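Thanks for coming, everyone. Please have a look at the structure before I start.

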Amino acid sequence: MPKGPRGIPEKPQDRKKVLIRLWGYLYRFKWMVLAALLLTVASNLFALVGPTLSGRAIDAIGTAPGGVDFPVVFYYCGLMIAFYLLSSLLAYILSVLMIRLSQKVVFQMREDVFRRLVELPVRYFDSHQTGDIISRMTNDAELVAEGLLQGLTQLLPGVATILGTLCVMAVLNPFIAFVVVAVTPLSIWFAGFVAKRTAGFFAANSAAQGRLSGFVNEMVAGQEVVRAFGCEAACEARFAEITDELYTTGLKSVFYSSVTNPGTRFVNAVVYAAVGVFGAVSAIGGGITVGQLSSFLT
């Protein structure tokens, strides 16, 4: 995130423009992006076939003593193994592709930034800390790479999984699918709550890293001046102030980002319990088979 005076993080004035510029970098590798989309859709579709086949295998077992149709059960189990293996293979290829894509994008960004730096007038470097400039080219660029990798590897499969799951559930039983959709706003609210706070703390942490790099660079380069004017104590106090801020923002950013996993698990548990309760009632009434209920829960 760009930093203003004294390293204070600034929000982009035009988020749409920022996203368009980011898309411009991605468009340079459009064939890799297209391949990633196709791999995402295929991998998630194959993974969604597994629960459906599992439900059919359970229905083939039946509830009557001695009524198991073993050939059908083994047939669906074999298909499940094949689809899951294929889905895992495609997911692995997707992860490798995403890593290469994110690194190519950031490599291009660093090249563009460096070309721009060598064209800037000297007064720019006189008015900006060297450590802050270096931090933008290293730490901030690495954050962009990490954000692209996590965003693409989670966003694309997540959207494909949600849409595919809703379609499959709607075909199996529209009522239970509605129960899942009704609980969805809880997940959306929680995700927004965590993201809003995490983004602010990570931005402040990045700004503190830039200030620390710039301050250390100045103190090391101007060590003779610091000693000549007896500013050691003041410099140590300033260094402690910046490191305390870096510690605080880093601790809060890591804490809020770590809340995501247990919070998501809690929401998933609520959805799982709701599907189990309403699905069991529906199965007792004959509106859904035991195998279909198992597919929903999976």
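First, the ground rules. This is a predicted model, where local features need pLDDT of at least 70, side-chain atom pairs count only at pLDDT 80 or more, and totals for chains, interfaces and linings use all residues. Residues are numbered from 1 along each chain as its sequence is written, and side-chain values use heavy atoms, with hydrogens and water left out.

Let's start inside. A nonpolar core here is a set of buried Ala, Val, Leu, Ile, Met, Phe, Trp, Tyr and Cys residues joined through side-chain atoms within 4.5 Å. Buried means under 20% relative accessible area, exposed means over 50%, and partly exposed is in between, with a 1.4 Å probe and protein chains only. The largest nonpolar core has 16 residues, and Leu 101 and Val 105 touch the most other members. Which helices supply at least two residues each? They are H1 (15-27), H2 (30-61), H3 (70-119) and H5 (130-172). Helices are DSSP runs of H or I, at least four residues, numbered from the N terminus. H3 gives the most to this core: seven residues.

Now take Val 105. Leaving out residues up to four places away in sequence, Val 105 touches Tyr 25, Leu 26, Phe 29 and Leu 148. Contact means heavy atoms within 4.5 Å. There is also a second, separate core of seven residues, with Met 169, Ala 177, Val 180 and Ile 288 among them.

Next, charges. Side chains of opposite charge can pair when their charged atoms come close. My cut-off for a salt bridge is a side-chain nitrogen of Lys or Arg within 4 Å of a carboxyl oxygen of Asp or Glu. The structure holds five.

Glu 245 pairs with Arg 211, with the closest N and O atoms 2.4 Å apart. Glu 245 sits in H8 (residues 232-258) and Arg 211 in H6 (residues 174-221), so this bridge ties together parts 34 residues apart in sequence. Buried or partly exposed? Arg 211 is buried, at 12% relative accessible area. Glu 245 is partly exposed, at 32%.

Glu 241 and Arg 238 form another bridge, at 3.2 Å between the closest N and O atoms. Both are in H8, three residues apart, so about one helical turn separates them. Glu 241 is partly exposed at 48%, and so is Arg 238 at 32%.

Salt bridges that share partners also join Arg 28, Glu 111, Asp 112 and Arg 115 into one network. Within it, Asp 112 and Arg 115 have their closest N and O atoms 3.1 Å apart. Both lie in H3, three residues apart. Asp 112 is partly exposed at 22%, and Arg 115 is partly exposed at 43%.

Trp 31, Leu 34, Leu 37 and Leu 38 make a nonpolar patch of about 450 Å². Leu 34 belongs to H2 and is partly exposed, at 39% relative accessibility.

Last, helix H9, residues 260-284. H9 has 25 residues and reaches 36 Å from its first C-alpha to its last, close to the 36 Å expected at 1.5 Å a residue. Which residues of H9 are buried? They are Gly 263, Val 267, Ala 274, Val 275, Gly 279 and Ser 282. Their cover includes H6 and H10 (290-297). After H9 comes Gly 286, with a positive phi near 85°.

That's my tour. Over to you.

Note on methods: Patches are made of residues with over 30% relative accessible area and no salt bridge: like charges are joined within 9 Å, nonpolar side chains (Val, Leu, Ile, Met, Phe, Trp, Tyr) within 5 Å. Accessible areas come from the Shrake-Rupley method with a 1.4 Å probe; for residues, only the protein chains shown count as cover. The expected span of a helix is 1.5 Å times one less than its number of residues.
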